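Morning, everyone. Please have the sequence and the model open while I talk.

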Amino acid sequence: MSTDDAFDAAYREHYWAVSRFVARRLDDQAWDVEEVVAEVFAVAWRRRAELPASPLPWLYGVARHCLANTVRGKGRYRRLLLKLGHHEVTRGGRTVASPDAERPGSWVLEALSRLAEADQEVLRLTAWEELTVEELGTVLGCGRSAAAMRLHRARLRLREQIETLRRDDRISLGCTSGKGDRAQSADRADKDGQA
């Protein structure tokens with residue numbers, strides 16, 4: 001198979017997977033998604049001789065770099081607007097709630113958002129994109145062992161954040177847990193028995 005044919009096959013097979021990968025990270029901003037996906041496949045075309053036999057993890061790696069460039073560009077654009085001060089974006093300051101705010105399971109997204117970006121990305125790649133540890137290593141540009149360790153640590157940090165959210169919810173509801181509850185129950189039982 002020629003390099004052109006390999007690119008054509010990768011484009012046909014993986015266009016929508018790359019589009020979903022990008023859309024999840026840009027909150028479905030259609031214009032930006034299309035631009036980033038176009039850049040991913042432009043890079044893939046230029047580097048088509050490097051396309052591996054299973055190109056999807058490699059394409060995800062390219063997409064991560066393209067997304068990073070887009071995010072940096074948006075940051076520069078916002079800073080420029082703030083300097084100018086004459087743009088509706090700088091005056092409005094409105095925040096729109098995420099569509100996931102009221103959905104069941106939104107607490108998972110809250111816990112995920114509390115993690116470092118690197119941990120978020122590792123978890124997204126394995127959960128959303130359903131990559132194996134080997135494929136994760138390809139996307140991240142590291143070996144299988146390093147990818148497995150990053151995933152393990154990210155899962156531990158996510159678990160810690162989930163426990164923190166649960167603890168915060170229990171406190172805000174006026175509930176406590178653990179030995180204090182059992183001790184209070186035992187004290188009540190003793191008082192009831194003495195009366």
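This is a predicted model: local features need pLDDT of at least 70, side-chain atom pairs count only at pLDDT 80 or more; totals for chains, interfaces and linings use all residues.

Aromatics come up first. How many aromatic pairs does a search of the whole structure find? The search finds eight. I will show you two of them.

Take Phe7 and Phe41. Their rings sit edge-to-face. The centres are 6.4 Å apart, and the planes are at 75°. Now find the two residues in the sequence. Phe7 is in helix H1, residues 3-25. Phe41 is in helix H2, residues 30-46. They are 34 residues apart, and the pair links distant parts of the chain.

The cut-off matters here: a residue counts as buried because its relative accessible area is under 20%.

Phe41 also pairs with Tyr15, and that pair is stacked. The centres are 5.9 Å apart, with 25° between the planes. Tyr15 lies in H1 and Phe41 in H2, so this pair ties together parts 26 residues apart in sequence. Tyr15 has a relative accessibility of 22%, so it counts as partly exposed.

Step back from the pairs. Which residues make up the aromatic cluster? Phe7, Tyr11, Tyr15, Trp16, Phe41 and Trp45 form one cluster.

Next, the arginines. Arg48 lies over the face of Trp45, a member of that cluster. Its distance from the ring centre is 3.7 Å. Arg25 lies over the face of Phe21, at 3.8 Å from the ring centre.

Now move along to helix H6, residues 117-127. Why call H6 largely enclosed by the rest of the structure? Because eight of its 11 residues are buried. Val122, Leu123 and Leu125 are among them. So are Asp119, Glu121 and Arg124, which the buried set also includes.

Which residues of H6 meet helix H7? Val122, Leu125 and Thr126 do, and they meet Leu136, Val139 and Leu140 in H7.

Look at the geometry of the two helices. H7 covers residues 133-140. The axes of H6 and H7 come within 10 Å and cross at roughly 135°. The two helices are therefore oblique to each other. Their crossing is right-handed.

That is my tour. Questions, please.

Note on methods
Residues are numbered from 1 along each chain as its sequence is written. Side-chain values use heavy atoms; hydrogens and water are left out. Rings of Phe, Tyr and Trp (its six-membered ring) pair if their centres lie within 6.5 Å; planes under 30 degrees apart count as stacked, over 60 as edge-to-face and the rest as tilted. Helices (H or I, at least four residues) and strands (E, at least two) are DSSP runs, numbered from the N terminus. Buried means under 20% relative accessible area, exposed over 50%, partly exposed in between (1.4 Å probe, protein chains only). A charge sits over a ring if NZ of Lys or CZ of Arg is within 6 Å of the ring centre and within 35 degrees of the ring normal. Axes are lines fitted to C-alpha atoms, for helices over the stretch in contact, and angles run from 0 to 180 degrees between N-to-C directions. Angles under 35 degrees count as roughly parallel, over 145 as roughly antiparallel, 65 to 115 as roughly perpendicular and the rest as oblique. A crossing is left-handed if the near helix is turned anticlockwise from the far one by less than a right angle, and right-handed if clockwise. Contact means heavy atoms within 4.5 Å.
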